[in-house]
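This report describes the fold of one protein chain for a reader who is new to structural analysis. Please keep the sequence and the structure in view while reading.

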Amino acid sequence: MKDPAFSICVYCGSRSGADPAFAALAAQTGRWIGQHGGQLVYGGGKNGLMGAVADATLQAGGRVIGVIPQALVEREHAHRGCTELHVVQTMHERKHLMAARASAFLALPGGIGTLEEFFEAWTWRQLGYHAKPIGLLNHDGFYDGLLSFLRHSQAQGFMSPDLMALVDVDTHPAALLERLARGADGEFSPLAAVF
């Protein structure tokens with residue numbers, strides 16, 4: 001199998017959410033990755049949006065790398081159909097391996113786990129531990145409240161406009177994925193091992 005054209009780490013919910021459109025969005029994202037010769041890196045679960053994005057990537061011919069802590073293998077129903085499934089011991093190992101195998105990051109709708117991973121990737125970018133593009137898919141205004149809070153934080157002097165500019169926000173998955181794939185050429189710095 002030839003090397004993937006790009007490798008996108010997708011953070012998203014292990015639940016499907018209240019609106020069936022969320023799962024459709026995850027499937028659309030996975031199909032785009034697979035159809036464009038890409039690789040999905042994600043949290044390794046079969047449930048919710050995580051399972052939807054992985055299944056769609058595989059069905060479209062893409063590679064899928066799942067990374068899941070041993071403690072979550074049963075809880076999140078580890079996806080045994082991944083091209084590669086890595087079972088690790090800690091969340092720190094999970095996040096580090098996911099970041100190391102990705103050349104871009106994308107957050108879909110999700111809960112606190114999604115937000116925590118997204119903010120960590122963004123923080124690492126700010127600190128110079130990587131130079132990979134980061135995207136936030138704001139489907140149907142899902143992240144409007146978060147974006148409003150971030151603008152408030154910027155207005156209060158806690159964030160610079162440069163920091164906000166590190167995240168590419170869009171409501172259209174294909175357009176955002178295309179930009180992330182195009183910019184996905186940064187290598188993960190070994191300095192990130194300190195985390």
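Which residues does Leu115 touch, not counting residues up to four places away in sequence? In this predicted model, Leu115 touches Tyr143 and Leu146. Leu115 belongs to helix H4, which covers residues 112-127. With a relative accessible area of 26%, Leu115 is partly exposed, because the partly exposed class begins where the buried class, under 20%, ends.

## The chain as a whole

The protein chain has seven helices and seven strands. Read from the N terminus on, these elements follow the order β-α-β-α-β-β-α-β-α-β-α-α-β-α. A compact globule of 195 residues would have a radius of gyration near 16 Å, and the value for the protein chain, 16 Å, agrees with this. Along the principal axes, the C-alpha atoms fill a box of roughly 45 × 40 × 35 Å. Buried residues make up 50% of the 195 residues. Among contacts with a separation of 6 or more, 70% are between residues 24 or more positions apart.

## The nonpolar cores

The largest nonpolar core has 27 residues, of which Ile8, Val10, Leu40 and Leu106 touch the most other members. At least two residues of this core come from each of strand S1 (7-11), helix H1 (20-35), strand S2 (39-42), helix H2 (48-59), strand S5 (104-107) and helix H7 (173-182). Val10 shows such packing in detail: apart from residues up to four places away in sequence, Val10 touches Ile33, Leu40, Val41, Tyr42, Leu106 and Leu108. A second, separate core has 26 residues, including Ala99, Phe118, Leu136 and Met159.

## Helix H2

Helix H2 has 12 residues and spans 17 Å from its first C-alpha to its last, close to the 16 Å expected at 1.5 Å a residue. Its buried residues are Leu49, Met50, Gly51, Ala52, Val53, Ala54, Ala56 and Thr57. An α-helix has 3.6 residues a turn, so residues three or four places apart point the same way. The cover over the buried residues of H2 includes H1, S2, strand S3 (63-69) and helix H3 (91-101). Just after H2, Gly61 takes a positive phi of about 90 degrees.

## Aromatic pairs

The whole structure contains seven aromatic pairs. A pair of aromatic rings is described by the distance of the centres and the angle of the planes. The table gives these values for two of the pairs.

| Pair | Centre to centre | Angle between planes | Arrangement |
|---|---|---|---|
| Tyr11 and Phe105 | 6.2 Å | 15 degrees | stacked |
| Phe142 and Tyr143 | 4.8 Å | 90 degrees | edge-to-face |

Tyr11 lies in strand S1 and Phe105 in strand S5, so their pair ties together parts that are 94 residues apart in sequence. Both Tyr11 and Phe105 are buried. In the other pair, Phe142 is partly exposed, with a relative accessible area of 35%, whereas Tyr143 is buried, with a relative accessible area of 3%. Phe142 and Tyr143 form one aromatic cluster together with Phe22.

Is Asn138 buried or exposed? Asn138 counts as buried, because its relative accessibility is 6% and the limit for buried is under 20%. Asn138 is placed in the loop between strand S6 (134-137) and helix H5 (144-155). The side chain of Asn138 reaches the backbone nitrogen of Tyr143 at 2.5 Å. Leaving aside neighbours within four places in sequence, Asn138 is in contact with Tyr143, Asp144, Leu147, Val169, Asp170 and Thr171.

Asp140 also lies in the loop between S6 and H5. Asp140 counts as exposed, because its relative accessibility is 68% and the exposed class lies over 50%. Most residues other than glycine have a negative phi. Asp140, although not a glycine, has a positive phi of about 50 degrees.

The residue that opened this report leads back to this region: Tyr143, a partner of Leu115, is also in contact with Asn138.

Note on methods: Residues numbered from 1 in each chain as written. Predicted model: local features only at pLDDT ≥ 70, side-chain atom pairs only at ≥ 80, totals over all residues. Heavy atoms only, no water. Core = buried A, V, L, I, M, F, W, Y, C linked by side-chain atoms within 4.5 Å. Buried < 20%, exposed > 50% of the residue type's maximum accessible area, 1.4 Å probe, protein only. Helix = DSSP H or I, 4+ residues; strand = E, 2+ residues; numbered from the N terminus. Contact = heavy atoms within 4.5 Å. Phe/Tyr/Trp six-rings, centres within 6.5 Å; stacked < 30°, edge-to-face > 60°. Expected span 1.5 Å × (residues − 1). Polar contact = N/O pair within 3.5 Å; in protein donor to acceptor, adjacent residues only side chain to side chain. Rg over C-alpha atoms; globule rule 2.2 N^0.38 Å.
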